[in-house]
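I opened this model to look up how its parts meet and what holds them in place. My entries follow in the order in which I checked things.

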Amino acid sequence: MDEELIRKVRDIVHESVLPLPDSFHSDDDLFHEGLESMALMQLILALERELHVTISPEDLGRENFSTLSGIARLVSRKSP
Amino acid sequence: MSRTLDVAVIGGGVSGVAAALAASGSSEARGVGLFEASSSLGGMGVRAQVNTICGLYLGDEQPRLANGGLCISFEKALRAGQKSDGLAKMGRVWVLKHEPAALGALLRSGLARRSREIDLYLNHQVKAVERCADGFRIQYSNDAGQLHTLDARALVDCTADAHLAPFLGVGRERHQADRLQRPAIICGIRGMKSGALTDRFLLTLAVDIAKSVRAGLLSPGLLGATFRQSPQPGLAFVSLDLDPLESWEPSDPVSVHKTLKEGESLIKELFGFLRDRYDAFAYLEEPLLPEVLGVRESFQWRGQYRLSGGDLMSNTSFSDEIAKASWPIELREKATGPSFEYFQDPCSGASIPVRSLRSAYFPSVFMAGRCLSATHRALGSVRVMGTGLATGQAAGAAAALVARDGPTAWESADGLAEQVRYDLKSLESMPPFPSS
């Protein structure tokens with residue numbers, strides 16, 4: 001797993017939608033931490049903007065969005 | 001000659017109803033009056049359609065009620081009366097989803113069972129309060145606009161904005177905050193395909209809305225619309241935090257009305273989008289608009305103690321504890337969504353002292369719900385309905401004691417809190433809410 005990418009995703013989540021405690025692990029559940037649909041919309045836009053990927057509705061699903069590593073995996077699949 | 005009540009409770013939201021019930025349940029109550037300016041009980045939980053009760057449970061793996069007393073029969077009756085169980089986990093914490101009309105009906109039935117002890121004044125507005133020999137003289141208008149007066153030995157202010165404070169010549173406070181919390185409009189959705197709101201579909205909607213906003217097809221104000229199924233089949237709710245104008249003032253009716261109207265037009269736009277875009281929403285009915293805006297800010301009384309965010313975060317234990325807060329400090333100030341700060345030990349809840357429910361100026365005036373004495377940050381936690389129910393019952397029980405024995409008999413906060421805890425415990429054996 002690309003640690004660098006996970007770190008970038010973490011920064012985006014932390015800065016644009018949901019402040020994460022230092023103890024938050026890349027496999028911890030973001031929804032459990034309080035991610036809700038309002039934040040999710042902002043997160044998707046931020047990921048597209050910062051990481052130059054296009055996320056489509058088919059990419060959604062809790063398996064992709066519930067953890068930082070899940071998001072990173074999705075982003076790396078989508079990267080050109 | 002005015003009639004004299006023991007306790008007058010002003011404001012018929014969940015905290016006001018709990019205050020009236022607890023005041024009437026204590027021994028030798030000689031009369032309790034509950035004044036509500038609108039035609040319905042339940043406050044924000046009914047009139048703004050806030051459809052989840054937060055702060056009822058402690059954040060365990062298994063939900064456990066944070067408070068006893070009336071909260072026990074209230075929770076049981078609300079859950080039993082709904083078509084499907086409203087218990088749900090949101091993030092790390094448990095909530096109880098409810099259908100607003102069912103909440104209103106439950107509160108009314110609780111009061112009806114105590115109709116001999118509690119006079120309910122719906123559509124009655126308190127116009128003035130002054131001190132008198134027996135305590136306080138309340139001037140109020142009925143729905144025909146006629147003025148009447150009543151005396152009460154003790155008062156409980158559950159108006160969310162500390163309405164009684166200026167009448168009594170004392171200031172009300174709103175504590176400094178860099179930004180005010182955003183208000184919300186919450187609307188009912190009817191006419192969608194049943195079972196449409198799956199987790200997956202909700203995620204799809206979130207992306208579609210985000211992308212349509214970016215493409216300029218939807219107003220940016222719709223970013224952040226949050227959908228939730230109601231325990232009532234065929235009903236869901238959409239909640240939208242709003243960005244009011246610069247001049248936003250939550251206590252100004254004109255500002256609130258303007259913001260509500262802006263919210264309504266955003267919701268209508270959203271409904272058009274949903275109808276056009278999804279089969280599940282093709283036959284959507286017109287939105288079920290709320291009577292009032294969901295306002296998260298309020299004015300507070302100056303209490304004998306001002307509860308702080310730090311008290312909650314560090315689970316500070318008070319010897320005069322009368323209720324437990326269990327909801328994290330939730331602040332909705334930014335367009336990127338809410339922030340949550342969880343208590344150090346979320347499983348044991350945080351202590352609320354009786355001093356934060358008692359006026360610093362008048363020992364026979366108590367307050368509950370959103371106008372108790374707390375900092376802006378602490379209100380991010382204690383403003384929720386579950387905690388309002390708990391502070392309401394405590395304020396009502398305390399007011400009844402002070403009305404019966406006089407304020408000097410209950411000068412000590414520890415002594416008062418101990419008796420309030422005892423009285424609330426004994427309320428558990430005669431629950432006002434129906435058990436089946």
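**Entry 1: the interface.** I looked for salt bridges between the chains and found 2 across the interface of chain A and chain B. The rule asks for a side-chain nitrogen of Lys or Arg within 4 Å of a carboxyl oxygen of Asp or Glu. K211(B) and E48(A) form a salt bridge through their side chains, with N to O at 2.8 Å. Side chains of opposite charge can pair when their charged atoms come close.

I then noted the provenance. This is a predicted model, in which local features need pLDDT of at least 70 and side-chain atom pairs count only at pLDDT 80 or more, while totals for chains, interfaces and linings use all residues. Residues are numbered from 1 along each chain as its sequence is written, chains are lettered from A and ligands numbered from 1 in the order in which they are written, and side-chain values use heavy atoms, with hydrogens and water left out.

Next I counted polar contacts. Across the interface of chain A and chain B, 4 residue pairs are in polar contact, both residues being at pLDDT 80 or more. Such a contact is a pair of N or O atoms within 3.5 Å; within protein, one must be able to donate a hydrogen and the other to accept it, and residues adjacent in sequence count only if both atoms are side-chain atoms.

Which elements give two or more residues to the side of chain A that touches chain B? They are α1 (3-17), α2 (30-33), α3 and α4 of chain A. The most comes from α3(A), with 9 residues. By class, that side of chain A has 11 nonpolar, 8 polar and 6 charged residues. Here Ala, Val, Leu, Ile, Met, Phe, Trp, Tyr, Cys and Pro count as nonpolar, Asp, Glu, Lys and Arg as charged, and the others, Gly among them, as polar. Helices (H or I, at least four residues) and strands (E, at least two) are DSSP runs, numbered from the N terminus.

I also took the totals. In contact (heavy atoms within 4.5 Å) are 25 residues of chain A and 28 residues of chain B. The buried area between the two chains is about 2400 Å², and carbon and sulfur atoms give 59% of it. That area is the accessible area (1.4 Å probe) that two parts lose on being put together, summed over both.

**Entry 2: S56(A).** I found S56(A) in the loop between α3 (37-51) and α4 (62-65) of chain A. Is S56(A) buried or exposed? S56(A) is buried, because its relative accessible area is 19%. The cut-offs are under 20% for buried, over 50% for exposed and partly exposed in between (1.4 Å probe, protein chains only). Beyond its neighbours within four places in sequence, S56(A) is in contact with K78(A) and K211(B). K211(B) is also the salt-bridge partner of E48(A).

**Entry 3: the chains.** Chain A has 5 helices and 0 strands. Of its 80 residues, 59% count as buried.

Chain B has 11 helices and 19 strands. Its C-alpha trace spans about 65 × 50 × 45 Å along the principal axes. For 436 residues the globule rule gives near 22 Å, and chain B agrees at 21 Å.

**Entry 4: salt bridges elsewhere.** I counted 26 salt bridges over all chains. R153(B) pairs with D6(B), the closest N and O atoms being 3.2 Å apart. This pair links strand β11 to strand β1 (residues 4-10) of chain B, 147 residues apart. D6(B) is buried at 3% relative accessibility, whereas R153(B) is partly exposed at 23%. I also noted a network of salt bridges that links D241(B), R296(B), E330(B), R332(B) and R383(B).

**Entry 5: positive phi.** A162(B) has phi near 50°, a positive value in a residue other than glycine. A162(B) sits in the loop between β11 (147-157) and α5 (164-167) of chain B. A162(B) is buried, with a relative accessible area of 0%.

How values were computed
Rg over C-alpha atoms; globule rule 2.2 N^0.38 Å.
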